[in-house]
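Colleague: Hello! I am new to this protein, so please pick one part of the model and take me through it closely.

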Amino acid sequence: MTVSKLTCCITLDFDGMSSWIGSAKSQNPSTISRGQFGAVAVPRILKLLNRFSIHSSFAVPGHTAYAYPNIVADICEQGHEIVHHGWVHESPADFDESGERHNLDEGLRALERITGTRPRGYRSPSWGFSKRTVDLLIEYGFDYDSSCMGHDHYPYYLRSGDLWSLDAAYQFGHLTNLIELPVTWGLDDFPVSDHVPGFNQGLYAPSAIEEIWRGDFEYALANSSGGVFVLTLHPQTIGRGNRMLMLERLLTHFSAQDVIFDTMHNYALRWKAANPRAAWEKANPDLAGTSSTRL
Ligand SMILES: [Zn+2]
């Protein structure tokens, strides 16, 4: 079935404490408590999504699922998708193969134990990839990933085996069956909102963030028929007062347009059915990495 409407995936990365432990490597209880606020924020976000009848995708590290099993169960109960988001929010780029497998295994074990189902989608912590991540995600049976930035509002098939160096032409690897639902830092609440001393200024006015996201949405709506608008939000970030009000205004605006709200998994399956790999590869040689072979 080909759908010409734009699909909105309002995605939530429920990192909890794990991002401050696994990514920031913090030993500071005050810093860790920033993640604890995520558990305060999720119920109010669920309430807002429910008001707009939006089914969303929540990316959850295994470590966070163990810390807040009741909240994760509530997310599932309300019909949202749970996405693999690492074990303790570690970047795959920082691990060797056995370490990367360990993190995938532990994340899966936790999410399966808490939710009773195996996640079908993956979003890497901090959007980091190693050169073997695509192959591992295929081996582990994921249907899609949402961590890369090779397009704005259309999915694409990921390649494996690309090679690059300073003294040779870029070498494209082979196309795989793994679908990418692309993200961008520009549609992520963390860089514009959260202050991390010495690392990220953040603290933009919600009105400025609203202007940026609304503009990107307008562009997607006008130019990306059948495409997808992926917004990446963090409960510990978006869940505070004036940002919640901004999100409410945005959802009111998005809902008034002719768009579909859906989970990433539902959209990925729909897109794949409408875009078989062979036909997509022929129509998109630059993304597929096949156009340079004519040289
Ligand atoms: Zn995260």
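This is a predicted model: local features need pLDDT of at least 70, side-chain atom pairs count only at pLDDT 80 or more; totals for chains, interfaces and linings use all residues.

Modeller: Happy to! Residue numbers start from 1 along each chain as its sequence is written.

H8 covers residues 206-223 and H10 covers residues 241-255. Such labels count DSSP runs from the N terminus (helices are H or I with at least four residues, strands are E with at least two). The axes of H8 and H10 come within 10 Å and cross at roughly 25 degrees; axes are lines fitted to C-alpha atoms, for helices over the stretch in contact, with angles from 0 to 180 degrees between N-to-C directions. H8 and H10 are therefore roughly parallel to each other (under 35 degrees; over 145 is roughly antiparallel, 65 to 115 roughly perpendicular and the rest oblique).

Which residues of H8 and H10 meet? From H8 come Pro206, Ile209, Glu210, Trp213, Arg214 and Phe217, and they meet Asn242, Arg243, Met246, Arg249, Leu250, His253 and Phe254 in H10. Contact here puts two C-beta atoms, placed from the backbone, within 7 Å. By class, this contact of H8 with H10 has seven nonpolar, two polar and four charged residues (Ala, Val, Leu, Ile, Met, Phe, Trp, Tyr, Cys and Pro are nonpolar, Asp, Glu, Lys and Arg charged, and the others, Gly among them, polar).

Helix H2 (residues 29-51) packs with helix H4 (residues 69-77) at about 15 degrees, their axes 10 Å apart. That angle makes H2 roughly parallel to H4, and the crossing of H2 and H4 is left-handed. Ala39, Val42 and Leu46 in H2 meet Ile71, Asp74 and Ile75 in H4. The residues of that contact divide into five nonpolar, no polar and one charged.

As for the setting, the protein has 13 helices and eleven strands. Its C-alpha trace spans about 55 × 45 × 40 Å along the principal axes. Among its contacts with a separation of 6 or more, 75% join residues 24 or more positions apart.

Note on methods. A crossing is left-handed if the near helix is turned anticlockwise from the far one by less than a right angle, and right-handed if clockwise.
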